[in-house]
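Subject: Structure handover

Hello,

Here is the structure you asked about. Please open it alongside this note, and my findings follow below.

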Amino acid sequence: MISKDLVKISDNQGSNCGDSSRVSVIDCTVDGDSSETESAITSYSLTPGGSRVYVPKNVDSEHIPSLNQIFEGLDIGYKFYKNYGRLGGFDIRKTTEKRDDQGTIIRKHYVCSSEGFNDVDFGSLESVNGKNGKERRTGSRRCGCKAKMVLKYTSGDRYYVFSFVEQHNHPLASKTGRQFLRVSRDMGISSRNFVFAAAKANIGCSKAFGLMKEMVGSYANVGATLRDFRNFNRDLKCFVGVRDGQMLIDKFKVTKETSKTFYFAYEVDSEGHLTKLFWSDVIGQRNFELYGDAVSFDATFDTNKYNMIFAPFTGVDKHDRCVTFGACLLSKEDVTHYSWAFDHFVKVMGRNPVVIITDQCPAMKIAVPASFNSSNGLVSSKHRLCMWHIMEKFPAKLGNRLCKETDFMEKMKTYIWASHLEISEFEEGWEAVIKEFKLESNKWLLDMYEIRSSWIPAYFRDEPMFGLMRTTSRSESENSFFGQFHKQGDTLCEFWLRFQSAMERQRNETERLDHESDSFTPNIVSRWFIEDDAAAIFTREIFYKIQEEILAGCLDMQIKRMSEEIDGVTALEIKDVKIKDKVFKVSVSRNHAVCSCKKFVMCGILCRHAFCGLKQIGVTKFPRSLMLNRWMKIAESGTSSAALSVSEDYLKMEEVSLKITNMWFDFRQLVNKAGVHLEKLDVVHQTVLQLTADLESSNEHAEFTKRDHLAAMVGEQPTGPIEVLVPNVCKNKGNFFKRLISDREKAINKSKKRTRKCKLCSATTHDSRTCAKRQKV
């Protein structure tokens with residue numbers, strides 16, 4: 001009857017989907033045989049009562065338990081049965097055990113995970129259905145399966161197979177489904193290390209899972225699922241938990257023991273919550289000794305789950321790249337917290353920077369002069385404000401029409417950004433522009449003019465290295481760099497690991513630039529021997545800047561007057577063709593040069609006017625008095641040896657790290673030699689398995705648990721009372737949920753939104769529902 005109906009439906013629809021002649025009927029009544037569909041998955045047989053019994057197939061006999069088989073311990077027996085389940089397509093679990101009077105396990109049961117039944121509480125189901133919200137739907141695999149292996153104690157640590165039931169009452173996992181069994185999913189040491197290493201590079205679990213698949217060939221070979229990767233990341237955060245602050249401080253203490261010059265300081269509030277943290281390692285202190293003449297300081301946000309602000313102390317190294325001296329985590333942006341961080345920075349470095357540049361933060365305006373002063377016999381620092389932040393405010397304070405539709409900004413920038421102007425020239429130019437555009441009464445411009453000595457380059461011409469940084473762009477670059485590693489949800493332990501990873505990349509980049517400067521000779525474009533001398537002395541990046549000055553000194557200068565040599569000094573008046581109405585006065589000798597532009601004083605790089613003068617008197621060697629150690633290839637040779645002292649434990653850690661690196665390199669070379677030849681890859685695989693077996697059978701082998709691995713990654717959990725509690729969630733002006741948005745930013749964001757228009761008349765004041773044209777119709 002049903003077949004006839006199917007035929008009718010097929011005829012009516014013009015298809016053959018209902019043709020009963022095309023419906024295959026599978027006969028499953030033959031004892032010991034399996035259906036065509038299920039034969040590819042598992043084999044089953046029928047009991048006299050008609051029940052199906054499933055037995056794993058295609059499993060080598062050496063992997064199948066047998067009665068009276070001996071195991072050297074319960075763990076070995078458990079691993080053997082677990083491997084059998086992985087090959088057979090079923091999960092296992094530990095269950096009943098029996099002990100003797102001494103507490104020794106004399107009988108242990110390992111069963112299929114489908115053993116037993118789940119008790120269903122219908123009353124709880126009704127209460128769940130009555131709840132508001134989406135509930136998680138879960139199922140049960142338990143169906144009363146009797147498959148099991150029972151081990152019984154003999155002597156020593158040895159156990160034998162007392163009972164073994166091979167038959168299951170449920171279908172077994174297919175070949176493609178076995179990768180999702182729990183016995184097949186093992187987040188081993190290598191997998192955990194990979195997820196952890198990826199996290200330090202700011203690679204999430206999903207991307208790490210994809211990378212692992214590409215490394216091992218397929219998702220089935222990963223040995224875990226994406227959920228397992230995410231669960232490990234969750235377990236890592238749970239392992240830290242409320243001990244976050246204490247574990248980080250303990251890690252700093254351990255680092256202090258391995259490197260005596262590592263410095264850190266912290267403070268807690270009245271309740272014990274961490275509020276301030278500062279640190280600087282041995283390399284950061286050495287870098288400050290070399291490049292600490294100019295420091296940029298700016299805070300960044302959203303680097304940890306507590307919303308503490310992260311503020312690195314940044315400088316410029318010999319390659320003209322950003323270098324980090326130290327850093328701090330602060331819970332507030334006020335004078336107290338900034339002063340505390342600045343005081344510890346001066347304490348560990350031993351001196352004040354020549355100049356420190358920040359934005360116009362009111363707290364920093366008070367904290368910088370209070371901390372970087374001469375009270376301790378040190379030379380006080382000069383506080384310079386970021387020019388970029390001030391220039392960005394011109395349109396908002398003076399209006400877009402004035403700044404963008406007139407030449408006001410062009411004329412102002414001529415005097416503001418010029419570093420070759422004298423103070424009097426700047427002040428005259430400023431007053432002239434203000435008078436031209438009738439802005440004498442503008443309060444904001446008057447305020448900026450009052451503090452002109454803290455941001456206009458003309459006021460820093462006589463101070464050494466004050467022109468090295470004019471904006472906080474170095475700090476902005478550093479914040480962007482660290483943003484590649486940090487995440488908003490990081491714990492403090494994770495933050496520290498990511499910070500270390502970021503510093504390793506920064507310092508590895510410095511090593512690369514050192515290698516390139518030492519190994520490669522830049523092209524010489526002039527015939528002046530002083531250029532060859534500079535190429536051998538300075539780093540490549542600095543040499544290119546000096547080369548530009550040399551070429552300009554040879555090609556773009558006009559000598560207006562040249563005096564006779566008096567006491568070895570020749571005076572010249574030089575006109576730069578690229579600068580209008582400006583003549584520079586230069587005094588040169590065989591060993592020295594001085595120019596009225598004072599670029600060498602401000603930046604440590606000799607200017608083009610001085611090179612022009614040196615060429616006129618026939619100097620062929622770079623004057624040693626005009627070489628700053630901070631720009632030379634051998635800059636590090638001038639550091640104190642005490643700054644590099646580390647303990648033997650630290651050197652041992654470095655040696656172990658180098659050994660592991662070499663091992664990985666050798667293993668990759670071995671795999672590359674094997675290529676795609678299965679026979680060679682089998683030899684490599686068998687050798688690795690043999691080495692693994694040898695290490696496991698060694699007496700020194702100890703079980704490395706998941707907890708031990710987590711402790712090795714982020715540090716041991718404190719055993720005693722927690723003295724440093726986790727920070728309270730901070731609320732600072734830079735956090736994403738409380739950042740103040742200006743009217744200008746609101747207008748810009750609004751302009752980016754797509755404007756809705758009426759479909760009938762294209763007006764933006766209404767839509768088609770309220771359009772007057774519709775009402776007329």
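At 70% relative accessibility, Lys438 counts as exposed (exposed means over 50% relative accessible area, buried under 20%, and partly exposed in between, with a 1.4 Å probe and protein chains only). Lys438 sits in the loop between α16 (423–436) and α17 (443–450). Its phi is positive, near 55 degrees, and Lys438 is a residue other than glycine. Asn202 is another non-glycine residue with a positive phi, about 65 degrees. Look for Asn202 in the loop between α5 (189–200) and α6 (205–216). Asn202 is partly exposed, with a relative accessible area of 22%. Why flag such values? Most residues other than glycine have a negative phi.

**What you are looking at**

This is a predicted model, in which local features need pLDDT of at least 70 and side-chain atom pairs count only at pLDDT 80 or more, while totals for chains, interfaces and linings use all residues. Residues are numbered from 1 along each chain as its sequence is written, and side-chain values use heavy atoms, with hydrogens and water left out.

The chain has 28 helices and 18 strands. Both are DSSP runs numbered from the N terminus: helices are H or I with at least four residues, strands are E with at least two. Of the 777 residues in the chain, 42% are buried. Take the contacts between residues at least 6 apart in sequence: 64% of them join residues at least 24 apart. Contact means heavy atoms within 4.5 Å.

**The cores**

Which residues touch the most other members of the largest nonpolar core? They are Phe538, Ile546, Phe611, Leu614, Phe622 and Trp631, out of 42 residues in that core. Elements giving two or more residues to this core are β13 (355–358), α20 (529–537), α21 (540–555), β16 (570–576), β17 (583–588), β18 (593–595) and α23 (608–616). A nonpolar core here is a set of buried Ala, Val, Leu, Ile, Met, Phe, Trp, Tyr and Cys residues joined through side-chain atoms within 4.5 Å.

Phe538 has contacts beyond its neighbours within four places in sequence: Phe543, Ile546, Phe622, Met627, Trp631, Met632 and Lys633. Another core, of 32 residues, lies apart from the largest one. Among its residues are Phe278, Phe313, Trp340 and Ala367.

**Two helix pairs**

Start with α20 and α21. Their axes come within 10 Å and cross at roughly 165 degrees. That makes α20 roughly antiparallel to α21. (Angles over 145 degrees count as roughly antiparallel, under 35 as roughly parallel, 65 to 115 as roughly perpendicular and the rest as oblique. Axes are lines fitted to C-alpha atoms, for helices over the stretch in contact, and angles run from 0 to 180 degrees between N-to-C directions.) Ile530, Glu531, Ala534 and Ala535 of α20 meet Phe543, Ile546, Gln547 and Ile550 of α21. This contact has 6 nonpolar, 1 polar and 1 charged residues. Ala, Val, Leu, Ile, Met, Phe, Trp, Tyr, Cys and Pro count as nonpolar, Asp, Glu, Lys and Arg as charged, and the others, Gly among them, as polar.

Next, α18 (residues 473–483) and α19 (residues 492–519). They pack at about 120 degrees, with axes 10 Å apart. The two helices are therefore oblique to each other. Glu478, Phe481 and Phe482 of α18 touch Phe499, Ala502, Met503, Arg505 and Gln506 of α19. By class, that contact holds 5 nonpolar, 1 polar and 2 charged residues.

The contacts below leave out neighbours within four places in sequence.

- Thr314 lies in strand β11 (residues 309–316). Thr314 is buried, at 0% relative accessible area. Its contacts include Ala294, Cys322, Phe325, Met469 and Glu478.
- Leu236 lies in helix α7 (residues 226–240). Leu236 is buried, at 4%. It touches Phe196, Glu494, Leu710 and Val714. Leu236 and Glu494 are 258 residues apart in sequence, yet 9.2 Å apart in space, C-alpha to C-alpha.
- Lys578 is in the loop between β16 and β17. Is Lys578 buried or exposed? Lys578 is exposed, with a relative accessible area of 61%. It touches Asp556 and Arg608.

Best wishes
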